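Hello,

Here is the structure we talked about handing over. Please look through it, then read the notes below.

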Amino acid sequence: MKSDTPLLEVKDLDVRFAVRGGDLTALRGISFSLDKGERLGLVGESGAGKSVAAFSILNLIARPGYIAGGQILFEGKDLAAMSERELRKIRGNRIAMIFQDPMMTLNPVLSIGTQMVEAIKAHRRVSTKAARDIALSKLRKVQIPSPEKRLDQYPHELSGGMRQRVIIAIALLLDPEIIVADEPTTALDVTIQAEIMALLLDLCEQENVALMLITHDLGVVSQVTQRMLVMYSGRIIEQGPTREIINDAQHPYTQGLINALPQMGEPGARLFQIPGSMPSLKNVPTGCPFHPRCDFATDQCRKTMPEYVRSGNVDVACYEVSNLIEQEKNMQEAGS
Amino acid sequence: MTSPLVEIRGLEKRFDLSGSLLEQITFKGGRFQRKQEAVHAINGVDLQVHKGEALCVVGESGCGKSTIARTVMGLLSPSAGEVHYGDQRIDNLKGRDVLPYRRKMQMIFQNPYASLNPRMTIQQTLEEPIHFHRPDLARNEVRGKVQEVMESVGIDPDWGSRFGHEFSGGQRQRIAIARALAVDPEFIVADEPISALDVSIQAQVLNLLMEAQETRNLTYLFITHDLAVVEHFGTRVAVMYLGRVCELAETKTLFAEPRHPYTQALLSAIPRLEDARPNYIRLQGEVPTPVNLPSGCVFHGRCPYANERCRQEIPQMIATDGGAQVACHAVEEGRL
């Protein structure tokens, strides 16, 4: 039986940064949910708020940032309202995180084994011996050659791909329900990236772990996730099943992102380009934040932020799309 | 067949790791020994860049692609081999003799945050190369030239009094391109010019580079790790692995029918939008260190088709029926 409450539900989340001269809104009205074992992709360009969204799920927003409103419900409990003490029981234990740069995540002066044992002992009362055994089994799981040897090695002795495998092993240590991966392969070469992504996908399927994958690479999202969110300037502008969005994106920004990819254009022909660039948080345009770059922008777009409308299984925040849906409906009614 | 614009012959580049003579000497087993180590960044590369084409050099980190770019530009001097521009050998030129080639050859770097002098205004940045290379021009002629290049890259000439930090990444890269174009070069070396930029901005800059190629009749040596960009932009492609070219072909041929096992693996690792799951050729192991190069074919340790001959003998470039050039024993023997 499928339970009605999703594993993670984010409702109307607002995150702001208190800076001189007033607050900057980094996330505005973010709502999405993640079911057990589901893989969700978060796509957007730099400054769209993807990483802030990922960090806020673990309530890891550091000052001057703060959660200004909304809820982050993990198994029904609001992480946004939890004390540090309670949060610590969830972070790394129930929800694990993988970051972009493995060298920044691993402590350079501790051996891999020490770091893994430390993480286990922080959450479980087990002997060092038992903890080492768990560590070893997870290193095997991420297919690291000669795992016994790795436990006594230091991060600098491993290659980039190997380090990211260790990070994944650490994320798996306590059998979490959710893994949040923030650009886990951006720092790696293409062939290594393919390996790490396939590994992450296999592990999530085997262990039935939910994955939230933050990336700017639409190809990766297409290969790994089942549902995706597209973010722009702190808002979710489109969300729904990955295949549906990739094959038939509704929002002009998502369409632009896909069409701007060199693999979409005829070789040698001019690429589709979205004019301008993403606005800075200091002066987000009124109305729909995408309107200055949008071909379909009307006065309505310039004034008010569009609500979500449903097209197929996809939720889109765009007046152009909602008008089209309206027209279609009218035509059908006129026809019948 | 016309003679190539730029030609690299038997290029080798080693970076010494062993330091001064005293650091090289060790005392072992009762005798002094001298030990020298070097990174073998390029190991015998021959390339020809023809007028009007975009030759792309691809490969993963550490394959020597950036070293090629820098050696061609004369920023590094080759350990062995020659670089020719037209009918003149240029790698051994000294002092004033280099200057005309410095004007004809310009470079665009990866990181527009690092390649613009933060203490110079855009006007100064763009005027400097013109003053240097064209001392005959009068002040207003220089200004006119600057205005012309700024317009051609889509930067408002009125912004000349601003500093680099006032621009976004995409705009900075436009300015870096304008600086390269300011002295009317014939040949441009672009080292990962769009890797640091967001997806929608990448398309803008790529379009700009293609426009400039058309209107100014430029020739490019384009260094990148992104194969999707190569497929779109390149006339011909050279795939590099551990300091050697393993395959060289027309872009269309290479993507339609990759011959070298490494090229095949590299192409399969591109995350494609139409894939619903990662779908790639798994390579064994990792890239070996360029300090101790493997014997024979540098790729043999990871190649599924390697045999005894591959471990012993370095493969030479051979022409295939498809018009590509491949350095692989398996292809030569018809095993692949």
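In chain B, ten residues of domain 1 are in contact with seven residues of domain 2. Contact here means that the C-beta atoms of two residues, placed from the backbone, lie within 7 Å. On the domain 1 side, two elements of chain B give two or more residues each: strand 4 (38-49) and helix 8 (227-233). Strand 4 of chain B provides the largest share, four residues. By class, this side of domain 1 of chain B has five nonpolar, three polar and two charged residues. (Ala, Val, Leu, Ile, Met, Phe, Trp, Tyr, Cys and Pro count as nonpolar; Asp, Glu, Lys and Arg as charged; the others, Gly among them, as polar.)

Domain 1 of chain B spans 6-234, and domain 2 of chain B covers 261-271 + 278-336. These bounds come from an automatic or database domain assignment. The centres of the two domains of chain B, taken over C-alpha atoms, are 29 Å apart.

A note on conventions. This is a predicted model: local features need pLDDT of at least 70, side-chain atom pairs count only at pLDDT 80 or more, and totals for chains, interfaces and linings use all residues. Residues are numbered from 1 along each chain as its sequence is written, while chains are lettered from A and ligands numbered from 1 in the order in which they are written. Helices (H or I, at least four residues) and strands (E, at least two) are DSSP runs, numbered from the N terminus.

Now the sheet. Chain B has an open, mixed sheet of eight strands, in the order 8-9-10-5-11-12-14-13. Strands pair if DSSP finds at least two bridges between them. Strand 8 (105-108) and strand 13 (318-319) of chain B are at the edges with a single partner strand each, so one side of each has no neighbour in the sheet. Strand 9 (187-191) and strand 10 (219-224) of chain B run parallel, joined by five bridges. Val189(B) stands opposite Leu221(B) of strand 10.

Helix 6 (169-181) of chain B packs on this sheet and touches strands 8 and 9 of chain B; its direction makes about 175° with that of strand 8. (Axes are lines fitted to C-alpha atoms, for helices over the stretch in contact; angles run from 0 to 180 degrees between N-to-C directions.) Helix 10 (261-268) of chain B lies across strand 11 (236-241) and strand 12 (244-250) of chain B, at about 105° to strand 11.

Last, the chain contact. It takes 35 residues from chain A and 33 residues from chain B. Helix 8 (190-207) of chain A gives the most to the chain A side, seven residues.

Best wishes
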